[in-house]
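Morning, everyone. I have one structure to walk through today. Please have a look at it first.

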Amino acid sequence: MAKQSPAKAKKLRGEAMRAAAARKAERAASNCAVTKGEVDLDAYAEVDGAWREIGISAPARRALIDEGFYKLIDLRKVSIDVIKELHGVGPNVIRILINEMKKSDLSFRK
């Protein structure tokens, strides 16, 4: 294989650097509606007090509120599988919810 000319190597290096910069800029541009400012966080702050008290993360609180669950007692209406499918609700949140429901002598729908 023939050796590349210095001009060709410089051109390829420049193209690679521009592509890397474009990928880096794409990763930096968040697709999250919250970080873009498209979500009114003050509206959630008014109604997420019950979830905040038991230590649930912000994305999970927003997901629960969006589904109409404002208190722990509201979760009696649904099964645990419905809650697990919500975006932002992970294993830690599920564990917290189950423990809090046991403390309050509540259970998810079967």
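K103 counts as exposed, because its relative accessibility is 65%, and the cut-off for exposed is over 50%. Keep in mind that this is a predicted model.

What does K103 pair with? Its side chain meets that of E100 in a salt bridge, 3.5 Å from N to O. Both residues sit in helix α7, residues 91-103. They are three residues apart, about one turn of the helix.

Now the general point. Side chains of opposite charge can pair when their charged atoms come close.

How many salt bridges does a search of the whole structure find? Three. D48 takes part in a salt bridge with R52, and R61 forms one with D48. So D48, R52 and R61 are linked in a network of salt bridges.

Let's take that network piece by piece. D48 is buried, at 4% relative accessible area. Its partner R61 comes from another part of the chain: R61 is in helix α5, while D48 is in the loop between α3 (41-45) and α4 (49-53). The two are 13 residues apart, and the pair links distant parts of the chain. The closest N and O atoms of R61 and D48 are 2.8 Å apart. R61 is buried as well, with a relative accessible area of 11%.

Then R52. For D48 and R52, the closest N and O atoms are 3.1 Å apart. Is R52 buried, partly exposed or exposed? Partly exposed, with a relative accessible area of 47%.

Stay with helix α5, residues 58-66, which also holds I65. I65 is buried, at 8% relative accessible area. Which residues does I65 touch, leaving aside neighbours within four places in sequence? The contacts are Y44, V47, D48, W51 and Y70. Notice D48 in that list: this is the residue that bridges to R61 and to R52. W51 is 14 residues from I65 along the chain, and their C-alpha atoms are separated by 9.3 Å.

Time to zoom out. The protein has seven helices and zero strands. Along the sequence the pattern reads α-α-α-α-α-α-α.

What about overall shape? The C-alpha trace spans about 75 × 35 × 20 Å along its principal axes. The radius of gyration is 24 Å, whereas a compact globule of 110 residues would be near 13 Å.

Burial next. Buried residues make up 25% of the 110 residues. The protein exposes about 8200 Å², and carbon and sulfur atoms supply 53% of that.

Residues 24 or more positions apart account for 47% of them.

Last, charge. There are 22 positive and 15 negative charges, and their mean positions are 14 Å apart.

To recap: a predicted model, seven helices, three salt bridges, and a network that joins D48, R52 and R61. Thanks. Over to you.

Note on methods
Residues numbered from 1 in each chain as written. Predicted model: local features only at pLDDT ≥ 70, side-chain atom pairs only at ≥ 80, totals over all residues. Heavy atoms only, no water. Helix = DSSP H or I, 4+ residues; strand = E, 2+ residues; numbered from the N terminus. Rg over C-alpha atoms; globule rule 2.2 N^0.38 Å. Buried < 20%, exposed > 50% of the residue type's maximum accessible area, 1.4 Å probe, protein only. Contact = heavy atoms within 4.5 Å. Areas by Shrake-Rupley, 256 points an atom, 1.4 Å probe, with all protein chains shown as cover. Lys, Arg positive; Asp, Glu negative; His and termini not counted. Charge placed at Lys NZ, Arg CZ, Asp CG, Glu CD. Salt bridge = Lys/Arg side-chain N within 4 Å of Asp/Glu carboxyl O.
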